[in-house]
Amino acid sequence: MDGLMYLLQKNASFSIDRITGILSDYQNSLMEDPQLLVSELSSLDIVQFTTVLRLLFGGRKEQIMMLEVNFSALRMSLEHSPGGNRSLFAVAREKCLSMLKEGHCVDLMGLLLSLSSGEFVQEDFIADIPTDLSDNTFRNLTAVFKDLYDMFSVTAQKAIYKWIITGLQKTSKSSRSLASWMTAENLWFLGRYMVHLTVQTVQRISLSEMRIFIHYDNATKQLDCVYDIRPGVGRAFLHRVNASGFDMANVSIAYRLGLLVCFYDNVHLLDSSDARILLHQLIKCNQLRGSLIEVQKLKSQLLAIVIRNQTLNELLGSVSDAVVGLTTSQLESLSASAVRSSMAVLQQVSGWTRSQTMILVHKYLGANKVLTSRNISELGSLISGVDAKLFYTVSTGELAQAMEGTLLQHATHLNPTQQHALLSQILRAAEVEVVLKKIPGMLFDQVPLSALLHLPGLEMDVIEDKQLTSSQAFFLYDFLSRTTPAADLIRTGQLLKGITCDRIRRMDDDSLVDNFPIFEKNFSLLSPFQLNCLAWRYLEVLEMINLPIPPILLPALPTEFVKNMSATTCKGFLVALGRMDLHLLTLYTEKREAIIRKVLQCLSNGIRDEYDVDALGKLLCHLPPTALRDQLTLAALPAALRQLQACVHLTADQRAQVRRKLVQLHGPVREWSAELIQDLGSLVTLLSREEVLVLANKYPEEVFPLATKDGPTPIPEDFLLAIFEVVRGTLDKDLPSLSSEADCFLVESPSADDIRKLSEANVYWFAKELQCISTDTFSETVELLGSVKGFNLTQLKALKSRGEQVWGPLSTWKSYHVVSLGSIALALTEKDIKELDLSSIDTMTALSQQTRWTLQQMSSLLYHFLESSNLTLGELQASDLAGLGVLLCGAQPSHVHLISPEAYGTTAAQIGTLPCPLPVLQQLKGTAEKVFGKVGTWNSFVLQEVGIVAAGMSFEEIKEMSLDLMPYLQPQAIAAIPPESFRRFSKERLQSLGPGSALAVTSAQSAQLSDEQLQALQVARDGLRESLSSHIHPAASSSQGSGTVSSGFHLHLFSGWWVCILCSTVPGKWQHL
């Protein structure tokens, strides 16, 4: 400040207002360039630095002499800038770690360590923390580590554990043995870090200290929170507690063991009463992370003891959540009165399969099959077992009431038929708008367009926090735009999906520019066509005021814009694309390759460090294998691998390079630790079969759970095969199969535990091995086996045959048997289908979830359902159509017209996703016209609603469609248009398709096009407006500011001045936060 006052005295042109303006410009520079802010912070001494950190984390505005400093805005600029938080953490690391001994920064460590959710806390950081801190500082810092435990990687947790025990060992009064520091008090002091004790260390803990610890009042609370304890360590603790004199046979005090009770292994000593008490303690074991197979086995053993002297009917309500382990035959044996009297317990249990819920609900409701809000509430988690038709028996008022409780909580567990029946009934209410508010957000996208079309009115608050389909959004945007300003509409979440290209073009220029942050935040909601329209509109507006188009919109423009992009735009281009998934843009191959080439040009110096990784973000997932191999440096690898772990569309070649980088960074897999495997997660599945075998044999507890994790991409075959070989190698070859079949003698069949461990890797069992699994194993695992996607037809036939052996002839199978089959049902022949009882739409709904049916199977299933239920196609309700799903494609085309227009209208969106044969689609188009009017009157939201059914239009009908409507044909509808019709599309009609629909054109369709038509199709794919084809030029780019102000000197020469002013004027309270 003295310097500024000196300038003011020496130069009359420097007024107070002038200096205030300079400082204000400087503050804006700090907000716009977070790296400048970090650079300034690094120049401060420790007192100044900690003062500024308190202000930044406080996030307030402070008046500092002539200027109000917005510390909240400064903090946000750091958070939103790639590498911003990392840079701040690096400066804090450099300044604070060495000063911890003097007591500086300790109060700020919690905020610093939680930057970017703890990502920056790695082994090397922990290694740099002094170990000779004062006792008070050591304890305060340990408390911070304990509070942030779940934020840290497992490797970092282990490093923190070692740092803590180093401190404990230094303060230990005894040095007689390695484990002498592990007193009861220190064990309690470790908190959740106790899970990182080795088995050997646990075994050396003094029995007297263990006895003291287990009797601490707060020990139970601590042991209740060790969710990530490994089974080996858990068992070691349990044995040590047992050896210390704790009465393990007294199960009434087993609660004191916390989650250690999950490793209880004295089952053979328990009587029925004790086993039942222990079962209730095991409920908490569901919180354990990792595989719960051993816990399930323990529950099964205890349940067997409990029912040894009493029946299940007598004990049903007193065996806790072990009831989910009961087979369908055991549940079927229960009496209705036992189920009703135990419902308060059963309805709170999670993990039920659908076949189990069907049996229990049937017994609970009995012959009086009427639903009320009361028994819906009583059913709780079992609601998914209710017959869909029963929802029609509930009054709309009672359903609306239930929607606020049980149905809200469990709506996503209902099948399509149940959801549709529920919504159909509730939409019959007199005050539909009131009811719409109560529909859960995740179910709102099931509300049919036909229902919305007849609404007399609608307020904006009805659709807040609702999931919308594109057809709903297009209609609602149009409907609400009559009374609501566009600026309010685009701010309403998913309603942005409904903005048409025409509305984008007609938006006010100022409004368009002002609302860009909203568009940018919601790009994932927009279609490629909407993004293309938006990009052209921004280009048009910004060029008039000589501003560059935001780099994030460049991929939505023709490829030339990316190719000609200025090098000065690189940073913004990388940062913008790094925040979004390129797959959302539905780019054609050439454009994606052009974008990646530009990215690589911008990375001319390679991916040098973690800051480059931060800038790349999600773009890292799209780099070609050669770039991953050649441009990803060792310094950048740790951060890059964490980013790559989130990639869901890696090619085989990319995965191969990632595997090489894993080995390059971490060394041979035989040297890897259990903690590293947990941190790497799904990346471990990219290793070779030989490498996985090494890890699976050494760390089965860490590796096997990776096979059971569902994800958007299949688990590599090498990984599945490796863990299969490990499990197969543990089979007892001296034991024959437990199957009663004579030809199964000496066949090595899997156990229920083997099947649970392997999940998708069960595909490697031979058909004979599957056919020879025991009756109990089949009953316990049939639904898991039915969820395996990769079984071939021979394996499926073997499992179906085993089902007949276990359950009896097909004609005796109940609905729940068929529902539990999953993909095994694909083995059903036409003869098999005719033997089944398919009278329930809930059974058909389960079957319709399979996608590999032949057309003949679909036809057999559909018509046998109609025969069994004494219905015709015309008598099917909307919920029936929703449940039949893909099986509707098996209808004879000549019968499709019988489908009720009313039923079709409320399921049009679902039917519009079915890949039915063209003759069926043509007939469905006729039904759609009865609901939405003639094709010539269809608009954007109707085209979106009918989906693939639009492919049933004749060429003449398509020819009469407005060119402006062509982009609103769903991509699957475009792909289903016959090539002989598609070849007749004019050049103008092909150009009007838009990027998304043009990309859906099949190779068979393209093969029928002339060169001129292909050029027109390419124009559509590239997002080029023909009227603007001469408009393509190098994309405008912003010049890099010099950082100067009009006074003629660089403001960074004031480096540190603003902090000196700040530290001398900010109230002292900030220095003690």
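**Disulfides in a predicted model**

Modeller: A search of the whole structure finds seven disulfides, a disulfide being a pair of cysteine sulfur atoms within 2.5 Å.

Biologist: Hi! What should I know about the model?

Modeller: This is a predicted model, where local features need pLDDT of at least 70, side-chain atom pairs count only at pLDDT 80 or more, and totals for chains, interfaces and linings use all residues. Residues are numbered from 1 along each chain as its sequence is written, and side-chain values use heavy atoms, with hydrogens and water left out.

Biologist: Okay, which cysteine is joined to Cys 501?

Modeller: Cys 533, with an S to S distance of 1.9 Å. The link of Cys 501 and Cys 533 is left-handed, with -105 degrees about the S-S bond. Cys 501 lies in helix 31 and Cys 533 in helix 34, so the pair ties together parts 32 residues apart in sequence. Helices here are DSSP runs (H or I, at least four residues), numbered from the N terminus.

Biologist: Are Cys 501 and Cys 533 buried or exposed?

Modeller: Cys 501 and Cys 533 are both buried. Buried means under 20% relative accessible area, exposed over 50%, and partly exposed in between (1.4 Å probe, protein chains only).

Biologist: New topic: where do Cys 621 and Cys 647 lie?

Modeller: Cys 621 is in the loop between helix 38 and helix 39, and Cys 647 in the loop between helix 40 and helix 41. These two form a disulfide, their sulfur atoms 2.0 Å apart. The torsion about their S-S bond is about -75 degrees, so the disulfide is left-handed.

Biologist: And why does Cys 225 count as partly exposed?

Modeller: Because Cys 225 has 25% relative accessibility.

How values were computed: Helices (H or I, at least four residues) and strands (E, at least two) are DSSP runs, numbered from the N terminus.
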